[in-house]
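This report concerns the domain arrangement of a protein and the surroundings of its ligand. The structure is shown first, and the account follows.

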Amino acid sequence: MTHRVKSLRFRLTISYVLIFGLFLTVIGFTFRARLKTIIQDRVEEAVEEDWGAARGFLRVEREQAIWQVDPREMDQTLFLERLRRFVMVADSQGEVLEMSNGYRLQGVETAAELRAHFKEGSPRLVVKELGKDRVLLRFGVFRSEGKLYLLAVGRRMTNVQGLPNAFMRDYFTVLPLLLLLTFVLGWFMAGRALMPVNRLAEAAQRISGSSLHLRIPQRYANDELDQLIVAFNKMMERLSENFEQIRRFSTDVSHELRTPLTGIRGQLEVALLTARTEEDFREAIVNALEDVDRISNIVRALLMLSQAETGQLALKHEPVNVTEVVEELVEQFRASAKEEGLRLNSELAPDVYIRGDRTQMDRLVTNLLANALKYTPRGGQVDVEVRMDGANAVISVADNGKGIPRESLPHIFDRFYRVPGEDPDKGLGLGLSFVSWIVKAHQGQMDVKSEVGLGTTFTIQLPLNTEDSTPESSIRLAEVRQ
Ligand SMILES: Nc1ncnc2c1ncn2[C@@H]1O[C@H](COP(=O)(O)OP(=O)(O)O)[C@@H](O)[C@H]1O
Ligand SMILES: [Mg+2]
């Protein structure tokens with residue numbers, strides 16, 4: 001885990017450095033090109049100015065170029081000195097009248113070439129090689145003493161190449177250093193960004209069955225990592241809830257089993273010590289057997305539920321007369337309802353058939369009825385209804401008992417869940433788990449409405465048996481299948 005996070009950090013940093021390096025390189029080259037055009041433009045402007053100034057100082061008299069400057073003017077003298085490094089004056093025949101040494105060095109045009117420049121007339125810029133350097137020449141025609149002459153002045157272009165190159169040299173010397181710095185910075189930043197992930201990993205590692213309460217502190221940055229933390233914490237919430245349920249369940253089961261076991265032990269001990277007649281022994285055994293029954297019921301229920309939930313319980317798929325099932329069970333429960341001072345009403349549409357497992361239908365209705373009677377105080381009323389609604393059979397069991405608190409409603413179908421404060425002797429919290437599983441296994445739907453103090457209504461919808469079958473033929477079909 002740590003290793004993976006580290007390599008993620010490395011990858012992040014490297015891609016950061018690469019992208020940054022690429023950007024800097026592109027910027028460097030763009031800058032260099034721009035610099036070059038700017039300097040080139042400057043040189044061209046300067047040459048242009050030089051030419052204008054030179055033209056102002058120049059006069060030709062009897063085939064002789066004469067520079068007219070005021071010797072007392074420092075500026076003019078210096079300017080002329082610089083100007084005369086690259087200067088050439090020719091007449092219309094291509095005859096050179098004056099040529100500086102610098103000009104000579106970068107190559108002299110033939111008379112024909114000069115004449116061509118002359119004919120061209122308009123100002124011309126020409127670049128010439130001078131050793132490693134280059135010179136920008138400006139040719140132009142001017143008039144003196146009524147005749148036309150050709151004047152060329154030049155400037156070295158040292159900076160046009162040199163400056164950008166020097167810039168590039170410096171730039172690419174500094175670049176690796178910059179990238180190194182970027183790497184260090186990126187490494188630091190990636191580390192910081194990944195810190196919550198590391199914390200998450202550490203927290204996950206610390207968590208065990210006994211520390212399920214651990215949560216990772218949220219950073220309230222509202223970013224992806226916060227989402228991850230929230231999701232993680234929610235998962236922990238669910239895990240610890242499940243864990244808590246299982247823990248409660250073990251306690252419940254032990255408790256539930258201990259009561260009848262203590263009973264059996266007591267009855268057998270008493271019989272051993274005090275029983276005289278066969279009748280006494282028989283009574284003790286009968287009592288003990290009742291408790292054994294209770295134990296085996298619990299064990300069977302647990303076993304079945306776990307089989308059901310892991311899909312090991314095979315369900316039958318036969319037509320079941322729901323009306324009949326409910327009717328029989330209502331009759332069975334009538335006695336105990338009366339005993340507990342409850343009215344039990346039923347309103348049953350005749351012969352409502354579904355497809356499924358009759359034993360499980362029995363179990364479903366039994367659980368709902370038992371709950372309704374169990375959680376409705378004396379004087380209350382329980383209404384059972386079977387009807388058809390479109391393509392569904394509807395079974396509803398409504399009571400006006402104590403109701404289920406709103407916060408408990410989402411949990412009542414959980415395995416082993418009981419509303420807090422419920423008498424632990426009254427159940428294991430498994431009944432509705434069965435109900436929920438049976439409804440699901442029959443592709444049905446279930447709905448609970450409950451109001452504390454007013455009562456509870458469970459409504460089950462199951463798809464009607466659509467395969468054409470009279471009761472007789474479906475029984476035969478069921479028999480054949482068995
Ligand atoms: N008709 C009802 N009225 C009020 N509370 C109910 C009703 N049916 C179920 N409950 C609540 O839901 C819990 C879960 O029901 P169930 O799974 O059948 O477990 P058990 O009946 O063993 O307690 C019950 O403990 C009870 O608190
Ligand atoms: Mg129950």
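Which residues are the closest to ligand 1, and how many residues surround ligand 1? In this predicted model, the shell around ligand 1 holds 20 residues. The closest of these are Asn-371, Tyr-375, Arg-418, Gly-429 and Leu-432. By residue class, the shell divides into ten nonpolar, six polar and four charged residues.

Polar contacts to ligand 1 include those in the table below.

| Residue | Protein atom | Ligand 1 atom | Distance |
|---|---|---|---|
| Arg-418 | polar side-chain atom | oxygen | 2.6 Å |
| Leu-432 | polar backbone atom | oxygen | 2.8 Å |
| Thr-456 | polar side-chain atom | nitrogen | 3.4 Å |

The protein buries 98% of the 540 Å² that ligand 1 exposes when taken alone. The site of ligand 1 is the largest pocket. Of the contributing elements, H9 gives the most, with three residues.

The domain assignment gives domain 1 as residues 2-163, domain 2 as residues 242-309 and domain 3 as residues 318-481. Taken over C-alpha atoms, the centres of domain 1 and domain 3 are separated by 103 Å.

Definitions and conventions:
Residues numbered from 1 in each chain as written. Chains lettered and ligands numbered in written order. Predicted model: local features only at pLDDT ≥ 70, side-chain atom pairs only at ≥ 80, totals over all residues. Heavy atoms only, no water. Domains from an automatic or database assignment. Near = heavy atom within 4 Å. Polar contact = N/O pair within 3.5 Å; in protein donor to acceptor, adjacent residues only side chain to side chain. Areas by Shrake-Rupley, 256 points an atom, 1.4 Å probe, with all protein chains shown as cover. 1 Å grid on protein atoms, 1.4 Å probe; cavity = no way out; pocket = protein on both sides within 12 Å on 5 of 7 lines; lining within 4 Å. Sits in = over half its atoms within 2 Å of the grid points. Helix = DSSP H or I, 4+ residues; strand = E, 2+ residues; numbered from the N terminus. Nonpolar A, V, L, I, M, F, W, Y, C, P; charged D, E, K, R; others polar.
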